[in-house]
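Dear colleague,

Please find below the structure that I am handing over to you.

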Amino acid sequence: MTDPQSPVDPPNNAPSSRPKASERRRARVLAMQALYHRHYSSSPINQIEAEFMTDQDMSQVDTAYFRDLLRGVATKQGDLDEVLEPYLDRPIGEVDPVELAIVRLGAYELKERIDVPYRVVINEGIELAKRFGGTEGHKFVNSILDRLSRRLRLAETRPR
């Protein structure tokens with residue numbers, strides 16, 4: 001007999017309130033594409049967001065995460081660029097727009113989304129660069145995010 005005051009465990013097939021990793025991955029892909037679009041567009045970020053929310057299949061996307069990434073990077077772009085610049089081997093204006101969108105996303109996640117492990121941020125950035133970036137773009141992204149993680153996530157990256 002169960003205690004009526006005790007919380008009831010949801011059945012195994014009940015939906016979880018926590019988004020799936022694949023939904024977050026899709027959110028990152030779309031956020032990176034939206035940031036790339038923004039690079040060549042004079043449209044405000046809320047218009048780009050609305051276009052993506054309308055034109056893309058968002059059924060398997062963590063839309064809250066997509067919005068957070070897109071708005072967060074757009075809002076804090078100056079701060080993110082300032083954090084990134086010491087790790088770049090060229091002026092920020094010369095960085096490939098795809099790779100720039102990816103490292104900005106990664107920098108935002110490392111700085112603002114401490115709920116996401118730094119290794120996940122780096123791995124997701126590498127995968128985005130392999131899929132959308134230049135031939136050696138994933139090495140560039142890995143280098144930047146790895147060094148940046150040691151600065152922004154010192155407690156997490158410190159050897160034990």
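What volume does the largest cavity have? The largest cavity has a volume of about 40 Å³. Here a cavity is a set of points, on a 1 Å grid over the protein atoms alone, where a 1.4 Å probe fits but cannot get out. Grid points are joined across faces, edges and corners, and a volume is the space filled by probe spheres set on the points.

Please note that this is a predicted model, in which local features need pLDDT of at least 70 and side-chain atom pairs count only at pLDDT 80 or more, while totals for chains, interfaces and linings use all residues. Residues are numbered from 1 along each chain as its sequence is written, and side-chain values use heavy atoms, with hydrogens and water left out.

The lining of the largest cavity consists of R28, I102, L105, G106, E109, V121, E124, G125 and L128; lining residues have an atom within 4 Å of a point. Helices are DSSP runs (H or I, at least four residues), numbered from the N terminus.

The largest pocket holds about 260 Å³ of space. A pocket, in contrast to a cavity, is an open set with protein on both sides within 12 Å along at least five of seven lines. Among its 13 lining residues, R18, P19, A21, R24 and V116 are the closest to the centre. Helix 1 (21-39) and helix 6 (118-132) are the elements that give two or more residues to this lining, and helix 1 has the largest share, with five residues.

Helix 1 and helix 6 also pack against each other, at an angle of about 55 degrees and with their axes 11 Å apart. Axes are lines fitted to C-alpha atoms, for helices over the stretch in contact, and angles run from 0 to 180 degrees between N-to-C directions. The two helices are therefore oblique to each other; angles under 35 degrees count as roughly parallel, over 145 as roughly antiparallel, 65 to 115 as roughly perpendicular and the rest as oblique. In this contact (heavy atoms within 4.5 Å), R25, R28, V29, M32 and Q33 of helix 1 meet V120, N123, E124, L128, R131 and F132 of helix 6.

A second pair is formed by helix 2 (residues 45-55) and helix 3 (residues 63-75), whose axes come within 10 Å and cross at roughly 155 degrees. That makes helix 2 roughly antiparallel to helix 3.

Yours sincerely
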